[in-house]
Amino acid sequence: MLKSVEYCHQHDIIHRDVKLENYLIRKQGDNASTYAVHVKLTDFGLSCKYDEENPPTQYCGTLCYMAPEILLGREYDYKVDCFALGVSLYELVTDTTPFKSRNKDLCRENIMTKEVVFDSEQFPIWDKTDD
């Protein structure tokens with residue numbers, strides 16, 4: 001997942017809609033010791049070519065994955081994809097997004113103000129990991 005975002009950024013592309021639903025995963029091979037997993041980032045409909053002299057400011061993406069810069073209507077760069085990737089990785093581990101809310105305004109507020117923590121009561125697996 002990280003490599004796909006890195007590849008986009010190396011080619012001056014901001015994806016702007018990084019989320020688990022936009023990844024395709026394929027297993028190649030049958031032997032558990034030799035198979036490979038291929039991960040591909042898809043859906044480039046909201047992507048843009050990054051121009052440092054004219055950075056994007058468009059409001060686009062999926063709300064609970066949007067970086068604060070997008071919500072505020074500020075100029076942004078590749079970091080918005082890194083933010084969305086972090087939300088996606090959190091979701092992969094916890095089965096929920098850190099800012100999820102049924103209310104869009106509360107979701108925006110959560111993105112802007114909520115501290116993200118891994119709560120061992122909510123996610124007991126964190127008690128079993130090494131620091």
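Serine 88 lies in helix H3, which covers residues 79–94, where helices (H or I, at least four residues) and strands (E, at least two) are DSSP runs numbered from the N terminus. The model is a predicted one, in which local features need pLDDT of at least 70 and side-chain atom pairs count only at pLDDT 80 or more, while totals for chains, interfaces and linings use all residues. Residues are numbered from 1 along each chain as its sequence is written, and side-chain values use heavy atoms, with hydrogens and water left out.

With a relative accessibility of 0%, serine 88 counts as buried, a word that stands for under 20% relative accessible area, whereas exposed stands for over 50% and partly exposed for values in between (1.4 Å probe, protein chains only). When its neighbours within four places in sequence are left aside, serine 88 is in contact with Met1, Val18, Lys19, Leu20 and Tyr65, contact meaning heavy atoms within 4.5 Å.

An α-helix has 3.6 residues a turn, so residues three or four places apart point the same way.

Histidine 9 is found in helix H1 and is buried, with a relative accessible area of 16%. Not counting residues up to four places away in sequence, histidine 9 touches Tyr78, Asp81 and Cys82.

The structure holds one cavity of 30 Å³ or more, and about 70 Å³ of space lies in the largest cavity. The search runs on a 1 Å grid over the protein atoms alone, a cavity being a set of points where a 1.4 Å probe fits but cannot get out, and lining residues being those with an atom within 4 Å of a point. Grid points are joined across faces, edges and corners, and a volume is the space filled by probe spheres set on the points. Of the 13 residues that line the largest cavity, Arg16, Asp17, Tyr65, Met66 and Ala84 are the closest to its centre. H3 gives the largest share of this lining, with three residues. The lining of the largest cavity divides into eight nonpolar, two polar and three charged residues, where Ala, Val, Leu, Ile, Met, Phe, Trp, Tyr, Cys and Pro count as nonpolar, Asp, Glu, Lys and Arg as charged, and the others, Gly among them, as polar.

The count of aromatic pairs comes to two, under a rule by which rings of Phe, Tyr and Trp (its six-membered ring) pair if their centres lie within 6.5 Å, with planes under 30 degrees apart taken as stacked, over 60 as edge-to-face and the rest as tilted. The ring centres of phenylalanine 83 and phenylalanine 99 are 5.9 Å apart and their planes lie at 5°, so the pair is stacked. Because phenylalanine 83 lies in helix H3 and phenylalanine 99 in the loop between H3 and helix H4 (104–113), the pair ties together parts that are 16 residues apart in sequence. Phenylalanine 83 is partly exposed at 24% relative accessibility, whereas phenylalanine 99 is buried at 5%.

The loop between H3 and H4 also holds proline 98, which is buried with a relative accessible area of 6%. Beyond residues up to four places away in sequence, proline 98 touches Val87, Tyr90, Lys114 and Val116. Aspartate 95, in the loop between H3 and H4, takes a positive phi of about 70° just after H3 and counts as exposed at 69% relative accessibility. A positive phi, of about 60°, is also found in aspartate 43, although aspartate 43 is not a glycine; aspartate 43 sits in the loop between strand S3 (36–41) and strand S4 (48–49) and is partly exposed at 42%.

The chain as a whole has four helices and four strands, and from the N terminus on its elements run α-β-β-β-β-α-α-α. Of its 131 residues, 33% count as buried.

Methods. 1 Å grid on protein atoms, 1.4 Å probe; cavity = no way out; pocket = protein on both sides within 12 Å on 5 of 7 lines; lining within 4 Å.
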